[in-house]
Each structure stands twice: as structure tokens, then as C-alpha cells.
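These are my notebook entries on one protein chain. I looked up a few charged residues and then the chain as a whole.

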Amino acid sequence: MADPLLEIADDLYALPLADFTPARDALVKEHKADKALAAGIKGMRKASVAAWVVNLLVRRDPDQVDQLLAVGAALRDAQENLDAAQLREFTKQRRQLTASVTTKARRMARGEGVRTTEAVGDQVEATLTAAMLEPDAAKAVRSGLLVTSLSATGLGDLDLSGAVALPEALGFSATARPVTAPDPTQRPQLHVVPDPDADVKARKAADERLADAKQALGVAEKEQRGARRAVERFRAKTLQLQSELDELRSRIATLEAEVEEVDDELGEAEAVEAEAQEAVDEAQAEVDAAKAAREKL
């Protein structure tokens with residue numbers, strides 16, 4: 001890797017979630033002679049649980065992630081030429097694929113000692129869906145440097161600001177780190193060692209949990225604001241269309257009344273025309289009779 005900051009980030013975001021903050025702080029001290037590098041390391045934020053699960057998946061099973069992203073790219077290329085039925089079928093397949101990969105990612109997290117809630121699972125699936133819908137989201141996921149979950153509609157409205165650890169992450173691919181199978185011939189040596197700093201560590205863990213909860217709250221509030229804005233836009237559009245529809249219905253009712261009125265007038269005019277025609281016929285007969293009488297004189 002050419003960029004030492006990306007190399008450090010790749011290692012940091014591969015760590016267990018609980019190890020991130022102490023490892024980052026230690027690296028800041030280690031590289032304090034290089035102020036720019038130390039500042040870059042210090043600016044790296046701890047990933048949310050959902051982002052960490054996606055980062056774990058990218059490193060543990062990059063082939064599965066690459067397959068998912070390739071399917072997403074193929075669907076984006078094909079959707080312009082698909083009819084509605086085909087689009088529905090492809091959308092169903094996409095959802096099935098993201099749901100399957102999400103289940104696998106949550107299983108990996110459980111293997112690392114991290115149990116994920118349904119809400120976290122939904123965020124993981126939303127992130128994978130975004131990666132299939134948006135090319136930039138695909139790059140963000142493949143970097144393995146996510147710090148928040150992603151959400152996209154496929155309409156180009158994705159905001160990646162603050163979603164990855166570094167701006168340079170887009171285009172970077174995380175280093176694969178498959179799980180090494182344990183040696184069955186080796187028995188682990190277990191030692192019980194009292195921890196003199198247990199209270200300090202417990203407080204630090206509580207502080208980190210609080211910080212993580214606040215970060216998750218901020219992300220949720222941001223997503224809620226985006227969803228609210230979308231609801232307001234669609235409500236406004238609905239009201240506009242309903243108003244146009246009411247106007248058209250009123251116009252149709254007016255035209256129908258005019259048609260009935262004109263139809264009545266047409267009937268009356270046809271009756272007058274028939275009477276006039278009858279008078280013409282009678283007058284013509286009288287002319288013909290007068291002409292015949294004159295010719296006899």
C-alpha cells in the first residue's frame with residue numbers, strides 16, 4: 001500500500017470492536033513524531049456495530065462480497081431495458097441475496113463474540129442493498145473502512161460524508177483476513193490472572209458503550225430526518241396530484257353537463273328542422289300544382 005494511513009486504517013478496522021479505541025490511541029502515541037499521520041489516526045472514528053459487521057464480512061469472505069457487488073452492477077446495467085415484471089423479479093432476487101448474506105455476516109459476528117440485534121441486522125442489510133444500488137456505496141463497502149451503516153434508494157441520493165474512515169477509502173479494497181482454523185493438537189493454556197485495573201477498564205468500557213450509543217442515536221436521528229423529508233416530499237406531491245385530479249374531475253363534470261345541454265338543444269333543432277322541411281315540401285307541392293294549373297290555361 002502506498003498510503004501509510006490507509007494501511008493503518010486497514011489494520012485498525014479489522015480489530016474486534018472493543019479493541020479499536022485503545023489500539024487507535026496507542027498508534028497516535030506511536031506516531032506522534034509524524035504530526036500529520038498522528039492527526040489522521042486520531043481522526044478515525046469507531047465503527048457502529050452494523051458497520052463493523054459489514055467490515056468483518058468484507059475481510060472474512062471477500063469473494064461473497066464481490067459476488068454481491070457484481071450482481072448489483074449487473075442489475076443496474078440491465079434495469080433500463082427491463083419491463084416491470086422483470087424488475088420486480090430482480091428486486092425480489094436482490095432482497096433474497098442481501099438477506100442471505102446478512103444472515104451470514106451476523107453469524108460471523110456471533111463467532112467473534114458480538115451478538116447483533118434485529119435493528120443492527122436491518123442496518124447491515126440496508127448497507128448491502130445500498131452497495132447493490134449505488135456504485136459509490138459499493139466502493140465504500142469494499143473498502144472495509146465503514147464507520148456507519150448506509151441507506152440508498154437507487155435514485156442517486158446517497159450521502160457518503162462521514163460514512164467511511166477516510167476520504168481515500170473509496171477505491172480501496174480491504175485486506176482479506178480469513179479465520180485460521182485452530183490446531184486440534186494444541187490445548188490452550190488457561191491462567192487466571194487478577195486484573196488490578198478492572199474498575200478502570202469497566203468505567204472505560206461503560207464510557208465507550210455510552211459513546212457508541214450516542215453515535216448510534218446520531219445516525220438513527222440522521223436517517224429519521226432523511227426519511228421525514230422523503231415523506232414530506234411525497235405528501236406534497238400527493239396533494240398536488242390530488243388537486244390536479246379534483247380539477248380534472250370538475251372539468252369532466254362540467255363537460256358532461258354541457259354535452260347533455262347541447263344534446264337537448266340538438267334534439268330541439270332537429271325537430272324544428274323537420275317542421276321546416278315539411279313546410280318546404282308543402283310549399284314545393286303548392287308551386288308544382290300552381291305551375292300545372294297555369295300550363296292548362
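**Entry 1: E118 and its partner.** I worked from a predicted model. I began with E118, which is exposed at 55% relative accessibility. I then looked for its partner and found a salt bridge with R106, where the closest N and O atoms are 3.6 Å apart. E118 belongs to helix 7 and R106 to helix 6, so this pair ties together parts that are 12 residues apart in sequence. I also checked the cover of R106: this residue counts as buried, at 18% relative accessibility.

**Entry 2: R60 and E112.** I next noted a salt bridge between R60 and E112, with 2.8 Å between the closest N and O atoms. R60 lies in helix 4 (residues 49-60), while E112 sits in the loop between helix 6 (84-111) and helix 7 (118-133), so the pair ties together parts that are 52 residues apart in sequence. I recorded R60 as partly exposed, with 24% relative accessibility. E112 is partly exposed as well, with a relative accessible area of 35%.

**Entry 3: R24 and D25.** Here I found side chains that meet in a salt bridge, at 3.3 Å from N to O. R24 counts as buried at 15% relative accessibility, whereas D25 is partly exposed at 32%.

**Entry 4: the total of salt bridges.** How many salt bridges does a search of the whole structure find? I noted 8.

Entry 5: R229 is partly exposed, with a relative accessible area of 48%.

**Entry 6: Q64.** Is Q64 buried or exposed? I found that Q64 is buried, because its relative accessible area is 19% and the cut-off for buried is under 20%. Q64 has its place in helix 5 (residues 62-78). Beyond its neighbours within four places in sequence, Q64 is in contact with V101 and K104.

**Entry 7: the whole chain.** I counted 9 helices and 0 strands. Of the 297 residues, 30% count as buried. Among contacts between residues at least 6 apart in sequence, 69% join residues at least 24 apart.

Notes:
Residues are numbered from 1 along each chain as its sequence is written. This is a predicted model: local features need pLDDT of at least 70, side-chain atom pairs count only at pLDDT 80 or more; totals for chains, interfaces and linings use all residues. Side-chain values use heavy atoms; hydrogens and water are left out. Helices (H or I, at least four residues) and strands (E, at least two) are DSSP runs, numbered from the N terminus. Buried means under 20% relative accessible area, exposed over 50%, partly exposed in between (1.4 Å probe, protein chains only). Contact means heavy atoms within 4.5 Å. A salt bridge is a side-chain nitrogen of Lys or Arg within 4 Å of a carboxyl oxygen of Asp or Glu.
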